[in-house]
Amino acid sequence: MARPITLITGQWGDLSAEKLFELMSGIGYEGLELACGGDHFDVRRAMTEPDYCEKKRAQLKKYNLGCWAISNHCLGQVVLDQIDDRHKAIVPEYVWGDGDPEGVWRRAAEEMKDTARAAKKFGVEIVTGFTGSSIWPYLYSFPPVPQKWIDDGFKLLKERWTPILDVFQEEGVKFALEVHPTEIAFDIHSAQMALEALDNHPAFGFNFDPSHLIWQGMKPEKFIYAFPDRIFHVHMKDAGVQLDGVNGVLCSHINFGDSRRGWDFRSLGHGDVNFEEIIRALNHIDYQGPLSVEWEDSGMDRIFGATEAFEFVKKINFSPSKIAFDGQFDTAVKNQANA
């Protein structure tokens, strides 16, 4: 099972596509998960320029790179969020407009539909991203949060995302939600609630990223076993939990990279995720898609991290056995019987 080793380009948006493609090809990556925005992948150009996708494929091929998924996290985020000035920094000006929340989320929703159409034109079947969440601010129920507010949040998910997912289904493309804090689904139970709210829409599934689960106290591999037919894509990212009796998992409004935090993202193999169990779980569900490295380690040079991460994934990307360890006894018996 030769799962391709790729890298998501979102954290490398300061580099041109040409420079980034050359760099990652030189490290050894087999492909890239192209982030929508800048010149990595432009949804509007893909929709309006007849030869854009062909040229982008040629640019990848020049460096012997493939692409199995594109990413549009930021636009998906604003579809369901309670919009405020923070969102202006993560969306293009043509989506932000005058900043009126109704207009922002509607324009973002249309862009997500176009992302599905652009993915089809580009020849990929997966779009990774976020949904946002109108109820994330109510995570801790004090003042007490009426259950109706939570229920309404999942109803809003259905209302706003079903038309988007219908376009995905029409185009033969799947949307893989990265289960993540600030999203409608951030753990196993909320992921199940999201599926149910969407009536198990066939175009909706998950981008599995263990780094967002480990600091919550979960065993990330259990997410894979919980949703074996909904793991559409996989991010390879680590996180280290460093609780010292003073800090906590909510991290005290302290930004990433600060040693006082109770947890932080780490380059692969430098945190607490047991990636052997992840690979075994992926083998169990017969996942054969990309293993996409995501660099988010504030304490490590990113080129060093990307290089080391590629070697790490290459080393652990093992296939399941085709025979049980004691299967040779059955084979021996059969051979004797046929002698």
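**Ground rules**

Buried means under 20% relative accessible area, exposed means over 50%, and partly exposed is in between (1.4 Å probe, protein chains only). This is a predicted model, where local features need pLDDT of at least 70, side-chain atom pairs count only at pLDDT 80 or more, and totals for chains, interfaces and linings use all residues. Residues are numbered from 1 along each chain as its sequence is written, and side-chain values use heavy atoms, with hydrogens and water left out.

Most residues other than glycine have a negative phi, and most peptide bonds are trans. N64 isn't a glycine, yet has a positive phi of about 60°. You'll find N64 in the loop between α3 and β3 (69-71); helices (H or I, at least four residues) and strands (E, at least two) are DSSP runs, numbered from the N terminus. N64 counts as exposed because its relative accessibility is 67%.

H253, also not a glycine, has a positive phi of about 60°. Its loop runs between β8 (238-241) and β9 (263-266), and H253 counts as exposed, at 84% relative accessibility. As for the peptide bond from F142 to P143, that one is cis, with omega near -5°. P143 sits in the loop between β4 (126-129) and α7 (147-171).

**Around F41**

The largest nonpolar core has 99 residues, and F41 is among those that touch the most other members, along with Y29, I70, W161 and L282. Such a core is a set of buried Ala, Val, Leu, Ile, Met, Phe, Trp, Tyr and Cys residues joined through side-chain atoms within 4.5 Å. Leaving aside neighbours within four places in sequence, F41 has contacts (heavy atoms within 4.5 Å) that include L34, Y52, K56, I70 and F122.
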